Amino acid sequence: MNNLILGTGPLGLAVMDELVARGESVTLVNRSGHLTEPLPAGVQLVAGDAANATQIGQLARTMRAVFLCVGLPYTQWVSQFPAIVRGVIEGVAQSQAVLVFGDNLYGYGDPMGEPLHESRPLQATGRKGRLRAELADWMLMAHRQGRLNAVIGRASDYYGPRVKDSALGSGFFSPALTGKTATVLGGLDIPHTYSFIRDVASSLVTLSHQPDSWGRAWHIPNAEPVTFRQLVGMTERFIDPPLSVRTVGRVGLRLVGWFNPLVREMNELIYEFEKPFLVSHQDYQTAFGSYPTPWEEGLAETVQWYRQYLGQPVFSPAV
């Protein structure tokens, strides 16, 4: 079965890994047609523009599924994401492929510490949250109109192999492995739901194979919420020396944001780390079962990837 993956960031490559493990063929698309890491046997990489509906239509013509996994810096979301999503919708509509969108939870806005369920309306007030809600609505509207089949999988903040630009990414793991002080958002004792990147990929592929799931958004299954203090304790099992952290809140982000546009964009989302951020995946669990990666396993794999990324030897934790 042929699959098209738009985007070769952490999510796109994790979806590639999952499809290859299931014995399916994959064509990757990014703007340059190049990638720094070697590709598995049988995986094709081509240069393409996701905003070009004609090009996407030609690529999607023989595909079973098209996975939209394009990642952009926050500063480019408003200027580039609308054209990309329009181009992908128009392109996939020229084929029989199902469109699978790897979405996030920004469209809901601030849940005020209450658990997020799929039935919650999209009521974000920030511009990035409003944009994500609008993009998802375009896809589901196209599905309702019969122009294509579409399904959305929504994940929380990623962590895992290849994940660097995340609250639980290089700002946490790289300092942890080099004896420096890691930066964490919000307080140390606020529970937060994170999504292991391989669980996100596995769930998106599962949704792509389930026609009964199409036409709506689902929450990706996640391990239990944890605090940063708990994360420090669990991560210390895999590192040497012990992990030192400092916290950055709303005021700190605003100060740094005066000089760093990417950090400035984080201010809209700091609510996730000021109050409990809890995500329910009950709908997915009821429909398909739920087997999220346990924290110890996910952290072990993440630390091992970061050690290789940083050129360090693999560390074996004490039993």
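Biologist: I'm new here, so let's start with E1 and E4: over how many bridges do these strands pair?

Modeller: Strands here are DSSP runs of E with at least two residues, and helices are runs of H or I with at least four, both numbered from the N terminus. Two strands pair if DSSP finds at least two bridges between them. Strand E1 covers residues 2-6 and strand E4 covers residues 65-68. They run in the parallel sense, and the bridges between them number four.

Biologist: Which residue of E4 is the bridge partner of leucine 6?

Modeller: Before that, a word on the source: this is a predicted model, where local features need pLDDT of at least 70, side-chain atom pairs count only at pLDDT 80 or more, and totals for chains, interfaces and linings use all residues. Residues are numbered from 1 along each chain as its sequence is written, and side-chain values use heavy atoms, leaving out hydrogens and water. As for leucine 6, its bridge partner in E4 is leucine 68.

Biologist: Zooming out, which strands sit at the edges of the sheet?

Modeller: The sheet is open, with seven strands in parallel pairing, ordered E3-E2-E1-E4-E5-E6-E10. An edge strand pairs on one side only, and that describes E3 (44-47) and E10 (217-219).

Biologist: And what angle does helix H1 make with E2?

Modeller: Helix H1 (residues 10-21) lies across E1, E2, E4 and E5. Angles run from 0 to 180 degrees between N-to-C directions, using lines fitted to C-alpha atoms, for helices over the stretch in contact. Relative to E2 (25-30), H1 runs at about 170°.

Biologist: Which strands does helix H2 touch?

Modeller: H2 spans residues 53-60 and makes about 155° with the direction of E1. Touching, or contact, means heavy atoms within 4.5 Å. By that test H2 packs on the sheet against E1, E2, E3 and E4.

Biologist: Now glutamate 118: how far away is the nearest side chain of opposite charge?

Modeller: Glutamate 118 sits in the loop between E5 and helix H4 (127-144), and it is buried; buried means under 20% relative accessible area, exposed over 50%, partly exposed in between, with a 1.4 Å probe and protein chains only. Lys and Arg count as positive and Asp and Glu as negative, with His and the chain ends not counted. A salt bridge needs a side-chain nitrogen of Lys or Arg within 4 Å of a carboxyl oxygen of Asp or Glu.

Biologist: Which backbone nitrogen lies 2.9 Å from a polar atom of the glutamate 118 side chain?

Modeller: Leaving aside neighbours within four places in sequence, glutamate 118 is in contact with residues including Tyr108, Arg216 and Trp218. The backbone nitrogen at 2.9 Å belongs to histidine 219.

Biologist: Is glutamate 37 buried, partly exposed or exposed?

Modeller: This residue lies in the loop between E2 and E3. Its relative accessible area is 27%, so glutamate 37 counts as partly exposed.

Biologist: What distance joins the side chains of glutamate 37 and arginine 162?

Modeller: A polar contact is a pair of N or O atoms within 3.5 Å; within protein, one must be able to donate a hydrogen and the other to accept it, and residues adjacent in sequence count only if both atoms are side-chain atoms. For glutamate 37 and arginine 162, this contact is 2.9 Å.

Biologist: What is the phi of arginine 162?

Modeller: Arginine 162 lies in the loop between strand E7 (157-159) and H5. It is buried, with a relative accessible area of 14%. Although not a glycine, it has a positive phi of about 75°.
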